[in-house]
Amino acid sequence: MIRPERLIFPRRCPICDEIITEESLICSECITIPRRVPYPHCMKCSKHIDSENEEYCRDCQKNDKSFLRGVALYEYDSVKDSINSFKNCSRPEYGEFYAAQIARYLGDEIKDFAADALIPVPLHRSKMLKRGYNQSEVLAKHLSKRLGIPLRNDVLIRCRKTKEQKKLTNLQREKNLRGAFHIVQKGVKLDTVILVDDVYTTGSTLDEASKVLLKAGVGKVYFVTIAVGIDR
Ligand SMILES: [Zn+2]
Ligand SMILES: [Zn+2]
């Protein structure tokens, strides 16, 4: 049976955006489009690496990261437009598909992190008002339901507006993010947390958010994202 809200807001395929009538979360033609990150993976950021003999990608070899490690499901290029719509074009429902896929393929690995909470990377209030939702929070909510890990969206806030990271160099990204995140309450009583975000590109956002959590007393920070970029 189709739920009543689906008649007003029919579910759309996260890739082609066509209305899907069946209860599936993606249309049958698009199911093969999102590409899983091929093995081997970087032990830190989960980007694909060329050589079996390396443990880390070039970026993680050069630059220290404050988080312990993370997992990502898809190659960014294969889901780029979809993630853009998920973020900017009022398609929060896409998050349900991505969470289902992450839980299915990476669920065991994520559960092994033995985390106390999933913490979505927060948006600044002004962006939240403009978009109406935070895509990372939507994703984290669905993941929380599927994996049974509590969602904590009351720990971290984004207190400073930041520039779009896309066109910035690594150094500029770091500078842009400095002081962007704050802890809401003093004395966070969480030992192990998983940060949730849509995409991992250079990792600077997750790195900065993780630093703030560690400083507040969190012991270990992992991350999960829908997609990851290519090691350059
Ligand atoms: Zn489709
Ligand atoms: Zn890496």
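Predicted model: local features only at pLDDT ≥ 70, side-chain atom pairs only at ≥ 80, totals over all residues.
**Overall architecture**

The secondary structure of the chain consists of eight helices and six strands, and, read from the N terminus, these elements follow the order α-α-β-α-α-β-α-α-β-α-β-β-α-β. The chain has 232 residues and a radius of gyration of 17 Å, which agrees with the value near 17 Å that a compact globule would have. Along the principal axes, the box filled by the C-alpha atoms comes to roughly 50 × 45 × 35 Å. Of the 232 residues, 40% count as buried, and among the contacts with a separation of 6 or more, 75% are made by residues 24 or more positions apart.

Helix α6 covers residues 135-147, and its 13 residues reach 18 Å from the first C-alpha to the last, close to the 18 Å expected at 1.5 Å a residue. Because 10 of these 13 residues are buried, α6 is largely enclosed by the rest of the structure. The buried set is made up of Q135, S136, E137, V138, L139, A140, K141, H142, L143 and L147, and what covers these residues includes the helices α3 (76-88) and α4 (94-112) together with the strands β2 (117-120), β5 (192-200) and β6 (220-228). Just after the helix, G148 adopts a positive phi of about 70°.

**Helix α8**

Helix α8 runs through residues 204-215, and the distance of 16 Å between its end C-alpha atoms agrees with the 16 Å that its 12 residues should span at 1.5 Å a residue. This helix is mostly covered, with nine of its 12 residues buried, namely S204, T205, L206, D207, E208, A209, S210, V212 and L213. The buried residues of α8 pack against β3 (156-158), α7 (170-177), β4 (181-183), β5 and β6. Just after α8, G217 takes a positive phi of about 110°.

**Individual residues in their surroundings**

A227 has its place in strand β6 and is buried, since 24 other C-beta atoms lie within 10 Å. Leaving aside neighbours within four places in sequence, the contacts of A227 are A72, L73, Y74, E75, Y76, V79, I83 and V199. S66, by comparison, lies 161 residues from A227 in sequence and 20 Å from it in space, C-alpha to C-alpha.

S126, in helix α5 (residues 125-131), counts as exposed because it has 10 C-beta neighbours inside 10 Å. The C-alpha atoms of S126 and T225 are 23 Å apart, and these two residues are separated by 99 residues in sequence.

**Backbone exceptions**

Most residues other than glycine have a negative phi, and most peptide bonds are trans. Against that background, a cis peptide bond joins Y39 and P40, with omega about -5°, and P40 lies in the loop between α1 (4-8) and α2 (58-62). S46 is found in the loop between α1 and α2, and its phi is positive although it is not a glycine. A114, which lies in the loop between α4 and β2, likewise has a positive phi without being a glycine. S46 counts as buried, with 23 C-beta neighbours inside 10 Å, whereas A114 counts as exposed, with 12. The positive phi values are collected below.

| Residue | Phi |
|---|---|
| S46 | near 75° |
| A114 | about 50° |
| G148 | about 70° |
| G217 | about 110° |

Conventions: Residues numbered from 1 in each chain as written. Chains lettered and ligands numbered in written order. Helix = DSSP H or I, 4+ residues; strand = E, 2+ residues; numbered from the N terminus. Rg over C-alpha atoms; globule rule 2.2 N^0.38 Å. Buried ≥ 20, exposed ≤ 12 C-beta atoms within 10 Å, placed from the backbone. Contact = placed C-beta atoms within 7 Å. Expected span 1.5 Å × (residues − 1).
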